[in-house]
Amino acid sequence: MKYTGAEIIIKLLEKRGICQLSGIPGGANLPIYDALSKSKKIRHILARHEQGAGFIAQGQARSNGEVAVFLATSGPGATNAITAVADAKLDSIPVVCITGQVPQSLIGTDAFQEIDSYGLSTPITKHNYFVRSAAELLEVIPEAFRIAEEGRPGPVWIDVPKDVQNEEIEVEAFPEFEGKAPSHTPSIPKIITMSKLINSAERPILYIGGGAIHSSAHEEICALAERLKAPVVSSLMGLGTIPVAHPQFAGMLGMHAARYTQKLLEECDLLMAFGVRFDDRATGKISEFCPQAKIVHIDIDPSEIGKLKQPTISMEADLRDALDALLPHVLERSDKTWLKRLEELKERFPLETPNAGSLFSPYGILLQSAKMLEGEFFVTTDVGQHQMRVAQCFPFEKPRQWMTSGGLGTMGFGLPAAIGAALEHPEATAVCYTGDGSLLMNIQELALIAEEGLNIKVIVSNNDSLGLVYQQQSLFYGKREMASRYQQRVDFCQIAEGFGIEAIDLGKVENPQSTLEQAMKSKEGVLINVPISVEDHVFPMVPPGGANHEMICGLKETAQKGALS
Amino acid sequence: MSAEWTTLELKVNNHPGVMLHVVGLFSRRAFNLEGIACLPCRDDRFSRMWLRVKNDSKLPQIVEQLKKLHDTREVREHEASHEAFERLEQFFGTSD
């Protein structure tokens, strides 16, 4: 039977089991949209900006661990998609971006909406393709999915010129999608050496990251921690791997870690780094990060091993496979001294969440709204103070509940990512914790909450500022506030209503507590604006470039240390 | 040739984007790339690429990153004095 390139793309996506995808049509991808119009299996979600489409795909992929797809046209469609794809690269999220391109006869002529999408996407993707014939699509599409999910996941970009989309070829059989190739089998001698090191440690800590989520190693991690009576610290990306309420969970490490977390790390003699990449926001000044500790590093990506910190022993493996192999060799420990030390430090140097009882304090709104959630839920954030606060204190229960832009730190991530999660999990509640600065960066996607009838709670901690910028200017730039306060206030409730969704200004309602409770428990999408003070900073904070033990715990201390000039 | 440099031999898929992938990797990760030579193999589905790179602490990371490129089929490390570049040098001797 004869198929056009565009029909081949859609047919293969159907075959791969894609049932909903987001995107925006334009001149150079109209044949793909025409083929999509005939699909009975794929539902299209019309984003309002290609960056939104990319983050919707990320929300889908992050919430269920499957490869997600989005579509964009050439030129500005492609350039708009770049931020979302780069974000997926840094957080290792499996996303396939398919862009239209001008016909090959026009390539290189500065044609209308022509941009070198292949060149632009090279440094921000795991792999990318410029497709030269319809026949190539039969190879490229399945390979793109395999690359996106195999090993360390990541985004793949496929650029398809319009003439390739229109080219008709005879297709006898569509290719099968191959599963992931099995990862390296953990070597037994190495496992034994590793277990000896672990068994001989007195104060071991598990330091877990996004790799733990990607490899679904949460059960093995809990089992190992419990057997060793060892505390578990998490990077921003690893949150949710073990429940925050677990007595051995010792918080998020790094720039905004609680003081007890940092002190515990200073005392550890063995750091078990599992699915982490020693990011600077996690380690602080790396030469002073856990200087006493021996390091066991397990990661699926060999280039991460020894990239920043030389491990005592390492293994290139899928974390879950490695831990499965390791667990039988790890001895059960009865000595709880080290866990008691965790409790002691936690009591003396807890995470401080000032005014957590007030709905109008930055921590209060997060903690109170969290308590009101019922049933299955997903949490996304944008980037800034609210993000760090959610990371510090939100009671995550399981992996994939938490979605945030970790590596790239993209403001504007939260809303479209929540939309992606809500599309994949219509029975769940998706909460997007955001700030006024971040929300403005992809606010156009509010339209989808109404259009798709999504149960998303957008909670805006509103200080009319770029709060974390203001905080840094207050702490490290002699209080010289520059371009971090908005002169023009935005009425987010009016905007939300303009997009057809319900809105609540918590500062103006008679009974904020019950209003919030009702909103959190409803099945409807709603925007909740919460006025907060810009003078409430996120603490602790390690000055950028500083060592983690140099953390600042409050304004007073900053003044004492002379950080305020 | 001093041990300051080392020679890498790559077998890569032969298509127009490969060179961009390889040189882009060097520039964006701030790796030193002193010389590059590339021609298709006899089996023209592949190309052979010779790289002269700095022999410093970043070298293992460079090799790992090169292996991660999907168009890279093989990476081999040679001594600095490998003749691929020594023989080429006669074409690059002068500065004018």
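**Overall fold and selected sites of chain A**

Chain A contains 23 helices and 20 strands, where helices (H or I, at least four residues) and strands (E, at least two) are DSSP runs numbered from the N terminus. Its radius of gyration is 24 Å, close to the 24 Å that the globule rule gives for 565 residues, so chain A is as compact as a globular protein of that length. The radius is taken over C-alpha atoms, and the rule is 2.2 Å times the number of residues to the power 0.38. The C-alpha trace spans about 70 × 65 × 45 Å along its principal axes.

The model is predicted: local features need pLDDT of at least 70, side-chain atom pairs count only at pLDDT 80 or more, and totals for chains, interfaces and linings use all residues. Residues are numbered from 1 along each chain as its sequence is written, and side-chain values use heavy atoms, without hydrogens and water.

Of the 565 residues in chain A, 60% are buried (under 20% relative accessible area; exposed, over 50%; partly exposed, in between; 1.4 Å probe, protein chains only). Gly414(A) is buried, with a relative accessible area of 0%. It lies in helix 17 (residues 414–424). Gly26(A) is 388 residues from Gly414(A) in sequence and 25 Å from Gly414(A) in space, C-alpha to C-alpha.

Glu524(A) is exposed, at 52% relative accessibility. It sits in the loop between helix 22 (512–521) and strand 20 (526–531). Together with Asp491(A), Glu497(A) and Glu502(A), Glu524(A) forms a negative surface patch. Patch residues have over 30% relative accessible area and no salt bridge, with like charges joined within 9 Å and nonpolar side chains (Val, Leu, Ile, Met, Phe, Trp, Tyr) within 5 Å. A salt bridge is a side-chain nitrogen of Lys or Arg within 4 Å of a carboxyl oxygen of Asp or Glu.

Conventions: Chains are lettered from A and ligands numbered from 1 in the order in which they are written. Accessible areas come from the Shrake-Rupley method with a 1.4 Å probe; for residues, only the protein chains shown count as cover. Lys and Arg count as positive and Asp and Glu as negative; His and the chain ends are not counted. The place of a charge is taken as NZ of Lys, CZ of Arg, CG of Asp or CD of Glu.
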